[in-house]
Amino acid sequence: RVPDFWPWQLITSAFMHGGLGHIFFNMFGLWMFGGVVEQTLGSKRFLWFYTACVIGASLLQLLVTSAPFWMGELPYPVPTLGASGGVLGVLAAFAVLYPDQKIFLLFLPVPIPAKWFVLGYALIDLFSGVAGTASGIAHFAHLGGMLTGFLLLQYWRGRLPIKPAARSL
């Protein structure tokens, strides 16, 4: 057993943040994209979706960043906190459901289709995570949330080899 780790922390860590800026940007992203995704999925399914994205984000971040602990190079696993992985899962869902919807950024006056925005975001996170740039940001949690959101939507739509038993999107 890992010292001071409990399985429910994979979920509860999403309710903790590293400061007001972290909370603000997570809630802003959830406000911008979450309402539309919730209207599409329905409230109950959205809650399951968001929770799955948080867990997927936590698992990937824990797996990647705690590898040195498992290999005996660190005395403890690396902690992670924040809702970013869940929010990025919602952003990925928005891009899957509305791929050509334009997203406007304050610092870039050109509208970007959601599918390209999310792909670019994922590539930047992948590069930053592998290169170790922008420490203090859970890049693999972002990627884990996005991947979980994408795969769960594809599963619900019947586009994976494993088909859903219930209604699909």
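A crossing of two helices is left-handed if the near helix is turned anticlockwise from the far one by less than a right angle, and right-handed if clockwise. In this predicted model, local features need pLDDT of at least 70 and side-chain atom pairs count only at pLDDT 80 or more, while totals for chains, interfaces and linings use all residues. Residues are numbered from 1 along each chain as its sequence is written, and side-chain values use heavy atoms, with hydrogens and water left out.

Helices (H or I, at least four residues) and strands (E, at least two) are DSSP runs, numbered from the N terminus. H2 passes H3 in a right-handed crossing. Their axes come within 7 Å and cross at roughly 125°; axes are lines fitted to C-alpha atoms, for helices over the stretch in contact, and angles run from 0 to 180 degrees between N-to-C directions. H2 and H3 are therefore oblique to each other, given that angles under 35 degrees count as roughly parallel, over 145 as roughly antiparallel, 65 to 115 as roughly perpendicular and the rest as oblique. H2 contributes Leu30, Gly34, Val37, Glu38 and Leu41 to the contact, and H3 contributes Ser43, Arg45, Phe46, Phe49 and Tyr50; contact means heavy atoms within 4.5 Å.

A nonpolar core is a set of buried Ala, Val, Leu, Ile, Met, Phe, Trp, Tyr and Cys residues joined through side-chain atoms within 4.5 Å. The largest one has 32 residues, and Val37, Leu41, Phe49, Val90, Val118 and Leu153 have the most contacts inside it. At least two core residues come from each of H2 (20-41), H3 (43-65), H5 (84-97), H6 (114-131) and H7 (139-156). H5 gives the most, with 10 residues. Beyond four places in sequence, Phe49 is in contact with Leu41, Gly89, Val90, Ala93, Gly149, Leu152, Leu153 and Trp156.

The whole structure holds 1 salt bridge, defined as a side-chain nitrogen of Lys or Arg within 4 Å of a carboxyl oxygen of Asp or Glu. Lys115 pairs with Asp100, their closest N and O atoms being 2.9 Å apart. Lys115 lies in H6 and Asp100 in the loop between H5 and strand E1 (102-105), 15 residues apart.

His142 lies in H7. Leaving out residues up to four places away in sequence, His142 touches Ser84, Gly85, Leu88, Tyr121, Asp125 and Ile137.

The table uses relative accessible area: buried is under 20%, exposed over 50%, and partly exposed in between (1.4 Å probe, protein chains only).

| Residue | Relative accessibility and class |
|---|---|
| Lys115 | 34%, partly exposed |
| Asp100 | 48%, partly exposed |
| His142 | 8%, buried |
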